[in-house]
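I opened the notebook for a friendly look through this model. Here is what I looked up, in order.

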Amino acid sequence: MAKLYFRYGAMNSGKSTALLQAAYNYEERGQQVLLAKPAIDSKGEAAIVSRLGVDRPVDFTIAPEEDVLTAFMTRREQVIRDSGKDVACLLLDEVQFLSEQQIDDLLRIAIDEDVPVLAYGIRTDFQTVAFPGSRRLLEIAHSLEELKTICRCGRKAIFNARTVDGVFVFDGDQVAIDATTGEQGDVSYESLCGQCYLEESGGVLNRGRRSKYDFSYNSAPDADFS
């Protein structure tokens, strides 16, 4: 039986680079893969963009509320028609932006369709609260793997702090895409360890302001994956 893998890490931990490398490894062995990402991730438009400067177009984007299993099966059938080979792996970037129902579809693809699913993303938003998609992956993925990066102080980074025009902010909508310009200015992120995050936030975690992308935050269990 194929498995659902969740490979997560703070910003700048090399998630997109690792995804593109995994796709290359499959294809080097003559296997077919499909790449996808949520449509809401406007960075790179319809491509996966690595911070190392490597990019690759996705085979499809996933709209909010779209049935991922149906979208996958449509592209899978096209691959089989064009190449005569089945899809060996589905790779997804920025999976934190998917809904809980869409994450359940990824599990169905792995189990019912016997196609491995490699999902890459971050666990928590700039207020340290789990994205619905990431939380669901932590609950149901067969395998959890942390991709590590370091904070400016040299410790392991675990949080994603948001800046607007170079100033740290801790209130606002949950989703604001990196390297874009919003109503308040240019959005960027910095990966921080717990201590540096608390220093910048004035000791505050989870200020409690949520956006339309918040499906349910009655509970947000976390775990120590160190």
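I began with helix H3 (residues 100–112) and helix H4 (residues 132–140), whose axes come within 8 Å and cross at roughly 35 degrees. Axes here are lines fitted to C-alpha atoms over the stretch in contact, with angles from 0 to 180 degrees between N-to-C directions. H3 passes H4 in a right-handed crossing, meaning that the near helix is turned clockwise from the far one by less than a right angle.

I then listed the contact (heavy atoms within 4.5 Å): H3 brings Glu100, Ile103, Asp104 and Leu107, and H4 brings Pro132, Gly133, Arg135, Arg136, Leu137 and Ile140. I sorted these residues into five nonpolar, one polar and four charged, with Gly counted as polar.

A note on sources: the model is predicted, local features need pLDDT of at least 70, side-chain atom pairs count only at pLDDT 80 or more, and totals for chains, interfaces and linings use all residues. Residues are numbered from 1 along each chain as its sequence is written, and side-chain values use heavy atoms, without hydrogens and water.

Next I checked the whole protein chain and found five helices and twelve strands, which are DSSP runs (H or I, at least four residues; E, at least two). Buried residues (under 20% relative accessible area, 1.4 Å probe, protein chains only) make up 47% of the 226 residues. Of the contacts with a separation of 6 or more, 75% join residues 24 or more positions apart.

Notes
Buried means under 20% relative accessible area, exposed over 50%, partly exposed in between (1.4 Å probe, protein chains only).
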